[in-house]
Structure formats: structure tokens, C-alpha cells
Amino acid sequence: MRAEGGDVEDGEPVATSPAAPARAGQPVGPLSGPPTRPRIGDTRPAPPPPAPATPARARPARARGGNGGGNGGRARTTGRSDSDEAPPIPVTDGAPPSAGADTGQAGDARTSKRASRSGRSRGRERRGKAVGRYSICVHVRPEVTQIALLEGRTLVEHYVSRAADETTQIDGNIYLGRVQNVLPGMEAAFIDIGTPKNAVLYRGDVRYDADDVDAPTTGQPRIEEVLRAGQMILCQVTKNPIGAKGARLTQEVSLPGRFVVLVPDSATYGISKRLDDAERKRLRRIVDSVRPDGHGMIVRTAAAGASADELRDDVTRLVELWDGIASARAAATGPALLYREPAAALRVIREELNAEYRSVAIDDETLYHQVQDYVAAVNPELADRVEYYDTAEEGLPIFERFHVHEQLHKALARKVYLPSGGSLVIDRTEALTVIDVNTGKNVGKTNLEETVYRNNLEAAEEVARQLRLRDIGGIIVIDFIDMEIRENRDKVGSALRAALARDKTRTQVFDISELGLVEMTRKRVSEGLIESLSTTCTVCDGRGIVIDPLVL
């Protein structure tokens, strides 16, 4: 999350290529007119659009049915490509920022003024309907909320949020913690943040003042010289607790906004490397005038085209949020939650929504209003793309209408079939995930080397998509089919890196070895898709086999 005076990608240093240019997808737009108007996914021309108006709470826009919404997936995003972020939500207020303030005539005036002042594009439209490459579907049930990201008809990312996630899905939360014990041999400390498991803080994530170091030392002080049992520290969660492991912490606190990331009490400065040189130069001039005293700032990819006023508003909002966190810290006497990341749906929309998204369909009216207010406050030009999906009126659940359900079943399978007839076999272990590439029914047309090369190219693209869709993190080993020609191995490696460039989650890929193996890592923040949708088998204890008692 840190970059001292350097290039960053949404808060993290990167060296990846930008995502491939977006292409127009099936139009999806809010419809509230007579039944003769086209439904989502219809290819018929739409009638001339009515004059734009802010949707009223009592009559939410409805997402009409159709097949254009999607049968498919995008490669996690999230590969997290470029993100659209909005201000975080304080723990003391469950409503989105400005949700109450930007209502009524005052809110309409503020929204209109903001939109006209920014001059930012509303996104592409065709015959009055929004056009974009991506869409978001949000399915809400009492016990769980599911968010699906679609690229065209393809499912590319899926998130699950449960009520119990208040102690497990805490990535980004800011706490006042108490040091329980310091382990010099591990160069780590265990911190009580009020969750069932103590979190861990490693030496490299500790911030300290040289005057606070207990003992004089040469070079970097040891962790036991910086921290002591019983000490109260401010920290932020960077990785959710997974399995028997507690959450991972950092003292380098950051607050993501729509266009910038505020790094309080820091000299950090950076601009997303995904932006072109001309835009980076323009933003650098603006940042010099809006950067707050005493705080660091990272400019996100979403700031492309943003005006100085927009950046200043974003920075001001984040500084006010930090002041509230600092006040809560001063008032706390023990371990306490100072700031909570917004609900999963709002968090995903904050990270993802931009002009390339044609729609955000939500089947819960309460959440729809929260998201509508949130988007209207921070990105008013896209507010009309947030739609309410009425399941009773449409006749199908939202995941059935957009073909998410069937794709989820395929994403849980061990075997993935490639279009040419080949396949991938994905196996998870405690230490790493192994992906085996097979030719299967792909027999080719020329020679073995060409058949294997083409199959591996196809597999490289699908591997990147599956890693993102299944949210697989940690160490990953890919067993490509052996290729004799070194040039072919290099091309497959390049194809894999290019496909992973669309993944916002940080990855590191090594060259294909002589054995045809690729070793790579993908940052793990939360449990994967399979873990979030399953429980361990009580019969085999997750091993997949049952020992024969008659033999043993």
C-alpha cells in the first residue's frame, strides 16, 4: 500500500500493463416506463429517453429482464484492473457518506453542480441506453449477500458476505489494539483488536518514532525495542483471518477515496502507473495544490480526467474522516474498532464502478437506496446506472436472469474444460494450489508441438480467469504441457502475464521451467470462492477420501 515518491497502482507499486480496451456490451438501463419499453438485454431500439431526473425513493428504477445481462465472467477483477473508489464509511454511521445530506432540493443542486463542474463523461450511451463492458449483480438474502461482476455475459468475480463476517471479513478496518506479547524470534507481535483471534503485526509493518525506541541501536531497531506488552497502537487490517491464522496488521494506515488514497501522518506520494504520461503530469500539478499538510497521498487510476475541484473534494472528505478516527482514538481506553469498511456491496461498487459499467442491478430495495445515494454523492454522472431488480415482477431470481447461478456451479468444479477440448484440473493443498493443463480431446491438425503450444496459450488465458474468479491466493504452480521450442515457452509465459495484467490483485510470475512448470504468487486477502461457499466434510474431514476400517 505504500510508495515513497514513486509510481503506484491504486496504492500498490506495479509493473503491469493496462487492461485491454473495453468493448461495448449489451445495454442495460433503468426502466420505469410502460411495458412496451425494452427489457434488459433486448436488441430492439429504445424510444427517445425522457428528460433525466433523480429517481425518487418511493419509485426505484427497475431492472427489466432479458438475456443480455450475462451468462458469464470477467477475468478477479479484481485483478481487484482499474478501480473506481469512493469515500469510506465511518464505523459510527451505517449510512453511506452524504446519504442524508444529498437528498431533497439541496442534494439535487449539489449533485447537478458537481456533475457540471467536473465535466466528466457519463459513459457511453446508445439510443439513450447505457453501454459498457461490465455489469454488477447484487443478490440479497437474510443470511448472505452475494455480488457478481460480469464482463459481457461472463462471470469474472464473485463475493460473499455473511452476517458473521463482522469478525472474519475485516480487511481495511482500523483498530486501536493492545500489544499482547512480542516474539523476537519471529520478529512479530500479537495484537488484541477485540476479535476472537489475536492479530499479528510483523516487524516490517511497524511504524515508530526514533525517540520512542527503548534501547539505543545501530541501524533498524528490533521489534522488541519498538513494541512492549500492554502498549496501545493504531493499526489497520491488511489480511483477513484465514483458518487458524489471525488477521495481519500494519501501522501504515491508509484511507481509500474515489480518486485518491490518503496516508495520514506520512510523506508518501505517488500516482498510478496505469495512467499515461500526459495525464500523470497533469495530475502531478493538481496534487501539489490539493495535498494536505502532514499527510501523504496516492492518486488512483480512477482520477483520470478528474478536475482539481473533484480531487480537492475527495481529499477534504478523507481528511475529515481521519479527524473523526483520531478523535475516536483519543476517547478509547481499550482495544476498539475505530473505522469499519462499508458493506460488501458498497465496497465492491466503490472499487469497481466506472463509465465502463453499464448497470448495477440490486434485488433488495433498502440496499438499492443506499447504493443509489452513495453513487449520487460521489459519482452522480453514473447514478442512473444503479437499478432496482424486482424479482416478483421479473419472474426470475436475479442470478438466474443473468446466468450467474450456472456459472457459479462450474466455478466450484475441480475440472475446467477449454473451448478446443483441453482441460484444467485445479487442486488445493495447505501449501499451494496446483493447476494441471491437459490436451484432452484437443488432437490438433498439424504436429504435436503446435497442438501443445496452442493448447497452452488457451490454458494461460483461462488460468488467469479462474484465479480471479475463484480468488485463489498464495503460491500457485501451473503444470503446462511440455514444449520443446524455447520460443513457444516464452510466448505462453507472456500470454499468462498479459492475462494476469487485468487482475488488480498483485501477482508475481516466474518463467516457465524446463519441466513446463510456472511458479507464481497471488496476494491472498480473503478465503477463496470455494471456501466461502462450502463447509468441511464431517465424514472425510476435507480429505476427499474415507479410510476403509476393515483394512486398518
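Modeller: Here you go, and keep in mind that this is a predicted model.

Biologist: Let's start with glutamate 462: which helix is it found in, and is it buried or exposed?

Modeller: Glutamate 462 is found in helix H10. Its relative accessible area is 14%. Buried means under 20%, so glutamate 462 counts as buried.

Biologist: And how far apart in space are glutamate 462 and serine 423, C-alpha to C-alpha?

Modeller: Along the sequence, glutamate 462 and serine 423 are 39 residues apart. In space, going C-alpha to C-alpha, the separation is 9.6 Å.

Biologist: Back to helix H10, then. How do H10 and H11 run relative to each other: roughly parallel or roughly antiparallel?

Modeller: H10 covers residues 448-470 and H11 covers residues 486-500. Their axes come within 8 Å and cross at roughly 20 degrees. Angles under 35 degrees count as roughly parallel, so H10 and H11 are roughly parallel.

Biologist: What is the handedness of the crossing of H10 and H11?

Modeller: Staying with that pair, the crossing of H10 and H11 is right-handed.

Biologist: Now leucine 550: is it buried or exposed?

Modeller: Leucine 550 sits in the segment after helix H12 (529-532). Its relative accessible area is 81%. The cut-off for exposed is over 50%, so leucine 550 is exposed.

Biologist: What is the area of the nonpolar surface patch with Leu550 in it?

Modeller: Leu550 makes that patch together with Ile545, Ile547, Val551 and Leu552. The area of this nonpolar patch is about 620 Å².

Biologist: Last one: what share of the protein's residues count as buried?

Modeller: The protein has 12 helices and 24 strands. Out of its 552 residues, the share that counts as buried is 51%.

Methods
Residues numbered from 1 in each chain as written. Predicted model: local features only at pLDDT ≥ 70, side-chain atom pairs only at ≥ 80, totals over all residues. Heavy atoms only, no water. Patch = residues over 30% accessible without salt bridge, like charges linked within 9 Å, V, L, I, M, F, W, Y side chains within 5 Å. Areas by Shrake-Rupley, 256 points an atom, 1.4 Å probe, with all protein chains shown as cover. Salt bridge = Lys/Arg side-chain N within 4 Å of Asp/Glu carboxyl O. Helix = DSSP H or I, 4+ residues; strand = E, 2+ residues; numbered from the N terminus. Buried < 20%, exposed > 50% of the residue type's maximum accessible area, 1.4 Å probe, protein only. Axes fitted to C-alpha atoms, helices over the stretch in contact; angles between N-to-C directions. Parallel < 35°, antiparallel > 145°, perpendicular 65-115°, else oblique. Left-handed = near helix turned anticlockwise from the far one by under 90°.
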